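Here are a few notes to go with your first look at this one. Have the sequence and the 3D view open as you read.

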Amino acid sequence: MNESHHHQIDALAHGLRRGTLSRREFLLRTSALLAASAAATIPGAARAEDTPKKGGLFRLGLHNASQNDNLDPGTWSTSWTGAGFNGGIFNNLVEILPDGSVAGDLAESWEPSEAAKVWRFILKSGITFHDGRGLVAEDVRQSIEHHMKPDSTSGGRAIVEQIASIATEGDDVVIFTLKEGNADFPYLLSDYHLSILPAAEGGGIDVSGNGTGAFKLESFEPGIATKLVRNPNYHKPLPYFDEVEFISIPDATARLNALLTGEVDFIQDIDIRNVSMIEGSSDFHVQRVPGLRHFSFDMDTRVAPFDNPDVRLALKYALDRDDIIEKVFLGEGRKGNDNPVSQIQKFSHEMPQREYSIEKAKEHLAKAGLETITVDLHVAENAFAGAIEAAVLYAEHAAPAGITINVVREAADGYWENVWLKKPFAAVDWFGRATVDWLFSTIYTSDAPWNAGWSNARFDELHALARAETDDAKRTAYYAEMQQIVHDEGNILTVAFVDWRNAISNNIGYGEVGGLMPLDNMRICERWWRKD
Amino acid sequence: MTRKPRPILSMVASRVGLGVLSLVIVSLVIFSAVAMLPGSYASAILGQNATPEAVAAMEEQLGLNEPWFLRYLGWLGAAAMGDMGMSFAGRPVMDVIGPRLLNTVVLASITAVIAVPVSIALGIVCARFRGRFIDKFLSTSTLASISVPEFFVAYIVMMVLAVKLQLFPSMAGIRASMDWGDQLYRMVLPILTLLLVILAHMVRNTRAAILSVMASPYIEMARLKGEPEARVVMRQALPNAIGPIASVVALNLAYLISGVVVIEVVFVYPGVGQAMIDAVRNRDVPVIQACALIFAAAYIGFNLIADVISIISNPRLLHPR
């Protein structure tokens, strides 16, 4: 495939991501291009001709290491700990495959009963920890109960609060009894906090770094580096790398330099201004993995004028998402549709795209009995990358509809403590949640901890129904209706969904890449390989 | 007339006392400033998992729900006994900072061992050949290097030596597992950058100090008696310029301990400056306090040494009128 084909397909892929091109159109136009070139590959997508091979060292330069990092899963909150520890040296009962489906990891199989309230997990046999000890059900019980202690400070606490009790049967069966039915329970067990560690003598878990994972921990210097070496007794025919090294590089420019000078093979979250520089090089490429993270303007519906659904709709129609994506995000982003559920998620519901329309904005203002409104929109540079610029553009978009938006610049430090959920209209950077149920119960149901005042009885009712339902067809219908409610009446204006944007050496190979969590759903160490 | 038995010792003792007082004031200022910052360790660490229950549980365990001055007094009491306490993540503060402080001290020492003799020698050369080509060249180039921000010097050095010529690694991320030679090789670029930054300052001040002494009448007397110019500079002028030179050297050494955070970030060098940034981001107060104390102690300590050297070289300073 020649250079110009590459560029054309890149441009088309760009259009697809931004939503300016439909999937059908994308396929038609790319297949025409591909037919024109014999040895065709789509950049950034999985390359079928690469067969994984074993060996080599993989070095990742990440920005979010901390000197406070440690091996207790309850303290993890970053991709450094998630991919380095959870994905490198530990396993969960289940894992999320790149296509978003859930598969057994340490668990062979599982079975719900009593309307998804009781879950019986059977462990795979013959799994050993790095020290040679065999995995037993008690290890699983202690690992999950670690987060359930009444004084737990674990980041996984919100998940395990659903569990009433855990029992074991012999050495290979674990039975979870939930407080109420939850059909997504296996998904939740893939959360990186819920890694399975060996039980310690006398209760609790042993947090010395002894796991079941694809790699053994060779060395760990908090905030500096983590070194992993292959576990020859791993229960899967993985990993490919002999060694993996995580290197802390907090500064974005230093990270880019490290990649360009060959000190690392992979860097995360590259600045949009550096994309063209990397794409212009023959040694590196930019990888964009659609994810759950979205940038939004959120309204507190207890406060006037946001308590009026028509005012909310007027504000939604007055936002020109294309303009913001093009000018602020330089085309790096997928257009939001006032729905917090990402297209890559199971149960995502496709609705007609809400487009910028002054007429409709005016129409809804009129319905609310208003001609003009004035609102304050609170932003800060860290509310999301480009939040201030996006808000300023939004004010321009909305002005012709009679909507005056005063952009209030807040201090970056303390934004999440003093502005978010405190001011009635503010910019927010949402990381998303792996399941729709989890997302809604964290942010959108009436009793959700981060609910910004929005409450809808039908939505709450559907949420409870869908949670206890194990029939996927019915759940799809419930979740579709819930997403429609949020789209029409909700308190969120989604500006864009952003991709996981990584820069990678061309010597590194990978298959389909998962985006529910960063770094191939945190399992980059065991799924990727070296080509040279 | 009563004469103090050992004037230098008593001067040192009183200065150490004042230094300790300064440290206490610094620690109070830092502690209260961090307490006034929005956000807490719990919300910083839990991020998007910071449900109200988890935050409350963590603040309770860390004692963050007490008023800040009570926490300060508790910290001060322990620190006075030499116990820097535990970081909020549950590791002893000295375990967190220790290896990084060692890295900083190694970087600073190597830089200082090269920089101090070289800069004093260059300063003397400038003073001896004042107005000649070598003086003009060094004055111009040092002025240029002072005027440019240090991160810019770092990027220039990196671009030329790491990216274009590929002589040295762009990252100085040394680790305990590397052997000495490897560590030293990785430290070349940060050392070179620091040299460029502090050499300029010290050369200019050495030159200025010597030249101001050279304007004294006794130097003219020495010249009139026929002493060679080199001997005038080395034997007559230099000993009287030691005080000001020691001051500027002390200032630069303290900078090497506490001020090189920008260089650390650019070259990914795991020094104590990055430890402090990390701690401030997480509101990890015990680590912030320990770093602040180290930095303040470096300034106070080096200045004290410089003053002692000045006094030894010029005993008149002991008896201010």
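Which domains does the domain assignment of chain B give? Keep in mind that this is a predicted model.

1. For chain B, the assignment lists domain 1 as 19-80 and domain 2 as 100-318. Their C-alpha centres are 35 Å apart. Where the two touch, 15 residues of domain 1 of chain B and 14 residues of domain 2 of chain B take part in the contact.

2. Look next at the side of domain 1 of chain B that touches domain 2 of chain B. Helix 1 (7-36) and helix 2 (41-46) of chain B each put at least two residues there. Helix 1 of chain B has the largest share, with 8 residues. By type, that side of domain 1 of chain B splits into 10 nonpolar and 5 polar residues, with no charged ones.

3. Over in chain A, you'll find an open sheet of 4 strands, ordered 4-5-7-6, with antiparallel pairing. Strand 4 (107-113) and strand 6 (163-169) of chain A sit at the edges, each pairing on one side only. From one strand to the next, the twist averages 20°.

4. Zoom in on strand 6 of chain A and its antiparallel pairing with strand 7 (residues 173-178) of chain A, which runs over 6 bridges. One spot to check by eye is A:Thr168, whose bridge partner in strand 7 of chain A is A:Val174.

5. Finally, what lies across strand 5 (118-123), strand 6 and strand 7 of chain A? That's helix 4 (residues 137-145) of chain A, running at about 165° to strand 6 of chain A.

Notes: Residues are numbered from 1 along each chain as its sequence is written. Chains are lettered from A and ligands numbered from 1 in the order in which they are written. This is a predicted model: local features need pLDDT of at least 70, side-chain atom pairs count only at pLDDT 80 or more; totals for chains, interfaces and linings use all residues. Domain bounds come from an automatic or database domain assignment. Two residues are in contact if their C-beta atoms, placed from the backbone, lie within 7 Å. Ala, Val, Leu, Ile, Met, Phe, Trp, Tyr, Cys and Pro count as nonpolar, Asp, Glu, Lys and Arg as charged, and the others, Gly among them, as polar. Two strands pair if DSSP finds at least two bridges between them. Axes are lines fitted to C-alpha atoms, for helices over the stretch in contact, and angles run from 0 to 180 degrees between N-to-C directions.
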